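Subject: Structure handover

Hello,

Here is the structure for you to look at. My notes follow below it.

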Amino acid sequence: MTSTQARHTRRAVLQAAVDAGARCANADPDHWFRADDEPDADWQTRRTTAQRLCAGCPVRAACEELALRNGDGEPDTDELVRAGYTGPELAAIRTHQEQRLAAAVAADQDTDGRQLRDLTVLVQTEVISSTDKRQDGSRRSLTRVQTEQNQLVQMLTARIDEIRSARRARAGWGVAA
Ligand code: SF4
């Protein structure tokens, strides 16, 4: 995956949202984790405070999805708070939403699909902008501008066909499918 593709994954978008708006960003991060040998009563008090902060956090939804994707929280270990949930609560949500999470992670890994969408948008943009480019005839001949644009669209279209063929072949449909 290239750095450009990575920036377009949902995970990267979620992380950017949390980095930009986390209410805990300027707080002591240890406040969201139980200390070693911390008595139950002390942790419960701190845990409640952390959950209250999370309740008013503007990026709570993104934080929750990241925590679920990261596998944060275990069914029988109450030692952290993420997105307002305890570890056992996160584990229960992850189990409940297993299929949705798997689909989201798979979508992030579909780099071909993302590339196809980006290339298709580029082709559409080139075709739509053809009128403007033709009006640039004062500096270059209309024929030359048109030729350059045709070459670019042909190149993009060829790349789209190449990716589609490779996907079909991998899926067992063969090049002609
Ligand atoms: S929801 Fe809670 S843990 Fe998540 S970013 Fe906000 S304050 Fe931090």
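E65 touches R10, L14, R100 and A104, not counting residues up to four places away in sequence. Touching, or contact, means heavy atoms within 4.5 Å.

First, the ground rules. This is a predicted model, where local features need pLDDT of at least 70 and side-chain atom pairs count only at pLDDT 80 or more, while totals for chains, interfaces and linings use all residues. Residues are numbered from 1 along each chain as its sequence is written, and side-chain values use heavy atoms, with hydrogens and water left out.

E65 sits in helix 4. Helices (H or I, at least four residues) and strands (E, at least two) are DSSP runs, numbered from the N terminus. E65 counts as buried because its relative accessibility is 7%. Buried means under 20% relative accessible area, exposed over 50%, and partly exposed in between (1.4 Å probe, protein chains only).

The rest of helix 4 is worth a look. After helix 4 comes G71, with a positive phi near 80°.

Next, the core. The largest nonpolar core has 9 residues: L14, V18, A22, C57, V59, A62, C63, L66 and A83. Such a core is a set of buried Ala, Val, Leu, Ile, Met, Phe, Trp, Tyr and Cys residues joined through side-chain atoms within 4.5 Å. Helix 2 and helix 4 are the elements that give two or more residues to this core. The largest share, 3 residues, comes from helix 4.

Last, the pocket. The largest pocket holds about 280 Å³ of space (a volume is the space filled by probe spheres set on grid points, joined across faces, edges and corners). On a 1 Å grid over the protein atoms alone, a pocket is an open set of points where a 1.4 Å probe fits, with protein on both sides within 12 Å along at least five of seven lines; lining residues have an atom within 4 Å of a point. The lining has 21 residues, of which V18, A22, C24, C63 and R82 lie nearest the centre. Helix 4 gives the largest share of this lining, 5 residues.

Best wishes
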